[in-house]
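Let us learn to read a protein model together. Keep the sequence and the 3D view open.

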Amino acid sequence: MSIGPAGSASGTAHTDITQPPVVRIRGGAVAYAGQRVLSDVHLDVVPGDVVALLGPNGSGKSTLVRAILGLVPLSSGSLELFGTPITRQRDRARIGYVPQRHTVGGGVPATVEEIVASGRLARRPLLMPWLGSADRGVVTDAIATVGLAEKAHAQISTLSGGQQRRALIARALAGEPDLLVMDEPFAGVDVANQEILTRTLTKLTSTGVTLLIVTHEIGPIAALVRRTVVLGHGRVAYDGPPTPSVLRRFAGADPDPHSPPAPEPGDSFGIVG
Ligand SMILES: Nc1ncnc2c1ncn2[C@@H]1O[C@H](COP(=O)(O)OP(=O)(O)OP(=O)(O)O)[C@@H](O)[C@H]1O
């Protein structure tokens, strides 16, 4: 994300710019087998931000998320989370992650409650991993937040794909994250479940959780997103508010999604990258 006019667009009444950025990347690059897929990424996400990470297939969105989660190293540049360099980052529990998967795979039978409770373990001390009553309360709340209270004791495999997505979000919420990263939360989710998800995310933003959402379908969360970061060919092509042109582009209407979105009259954003 650029620093400057576009970056400062995130400093809305809902964000807290007095705290260190939740994510700060300077000149970030990632390479797979020597092949660069991210270059010169600058990104500041401040507490309370709601950021949609957009861009065409292969532009580097998931790679950027993986770098933020510490799953792939930067080949150059720096990354800080909550004001601490990633290399010294110990408190992974502050980040909740909902991966790009439609469902919870079969295999081991587990109830919704058990799946969600597994998301609480990261908050427990290593030597006392069992959940106490306070932890159980958090798990119950997380299940209720995503509207699955009535399914808490159901086998996860009996839930629809959309309900399973909500269970995965509840699992992330059970860790009471300060940053929730979601990769394509709406993919393969029917309209009814999208609406519940949107309500859940709206509720979360009111509690101050920072959201970073990778999506090709900004539609359901258009009203929620305060800032869009568009990647093109591994670089930040645009960083700013979700203008009509950005939304149109990423609703799939543009024939060349790799080129930066054109400003429209009244747009206050700058094109970077
Ligand atoms: N593990 C990997 N090894 C080698 N190349 C990879 C690996 N993962 C991703 N890539 C390549 O890196 C580039 C960026 O991929 P990435 O998955 O980050 O893009 P994306 O924007 O998330 O795409 P999509 O929207 O399709 O999910 C692509 O060219 C991809 O082929």
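The dialogue below takes the features one at a time.

Q: What kind of model is this, and how are residues numbered?
A: This is a predicted model: local features need pLDDT of at least 70, side-chain atom pairs count only at pLDDT 80 or more, and totals for chains, interfaces and linings use all residues. Residues are numbered from 1 along each chain as its sequence is written.

Q: How many helices and strands does the protein have?
A: Helices (H or I, at least four residues) and strands (E, at least two) are DSSP runs, numbered from the N terminus. The protein has six helices and ten strands.

Q: What share of the residues counts as buried?
A: Count C-beta atoms, placed from the backbone: a residue is buried if 20 or more others lie within 10 Å of its own, exposed if 12 or fewer, and partly exposed in between. Of the 273 residues here, 41% are buried.

Q: Which residues surround the ligand?
A: A residue is near a molecule if its C-beta atom, placed from the backbone, lies within 6 Å of it. The ligand is surrounded by Tyr32, Val37, Gly55, Asn57, Gly58, Ser59, Gly60, Lys61, Ser62 and Thr63. Helix α1 (residues 61–68) gives the largest share of this shell, three residues.

Q: How does the shell divide by class?
A: Ala, Val, Leu, Ile, Met, Phe, Trp, Tyr, Cys and Pro count as nonpolar; Asp, Glu, Lys and Arg as charged; the others, Gly among them, as polar. The shell has two nonpolar, seven polar and one charged residues.

Q: In what order do the four strands of the open sheet lie?
A: Strands of a sheet pair through backbone hydrogen bonds, either parallel or antiparallel. Two strands count as paired if DSSP finds at least two bridges between them. Here the order is β2-β1-β4-β5, with antiparallel pairing. β2 (35–45) and β5 (84–85) stand at the edges with a single partner strand each, so one side of each has no neighbour in the sheet. Strand β4 (residues 76–81) pairs with β5 over two bridges. Leucine 81 stands opposite threonine 84 in β5.

Q: Is α4 largely enclosed or left open, and what covers its buried residues?
A: Twelve of the 13 residues of α4 are buried, so the rest of the structure largely encloses this helix. Two residues are in contact if their C-beta atoms, placed from the backbone, lie within 7 Å. The cover over the buried residues of α4 includes β6 (95–98), α2 (112–118), α3 (133–145), β7 (179–183) and α5 (191–206).

Q: Which residues of α3 are buried, and which are exposed?
A: An α-helix has 3.6 residues a turn, so residues three or four places apart point the same way. In α3, Val139, Ala142 and Ile143 are buried. They fall within an arc of 100 degrees (the arc of the directions from the helix axis to the C-beta atoms), so they line one face of α3. On the other side, Ser133, Ala134 and Gly137 are exposed. Just after α3, glycine 147 has a positive phi of about 75 degrees.

Q: What span should α5 have, and which of its residues are buried?
A: The expected span of a helix is 1.5 Å times one less than its number of residues. The 16 residues of α5 should span 22 Å; its end C-alpha atoms are 23 Å apart, which agrees. Its buried residues are Asn193, Leu197, Leu201 and Leu204. They cover an arc of only 75 degrees, which puts them on the same side of α5. What covers them includes α4, β7 and β8 (210–214).
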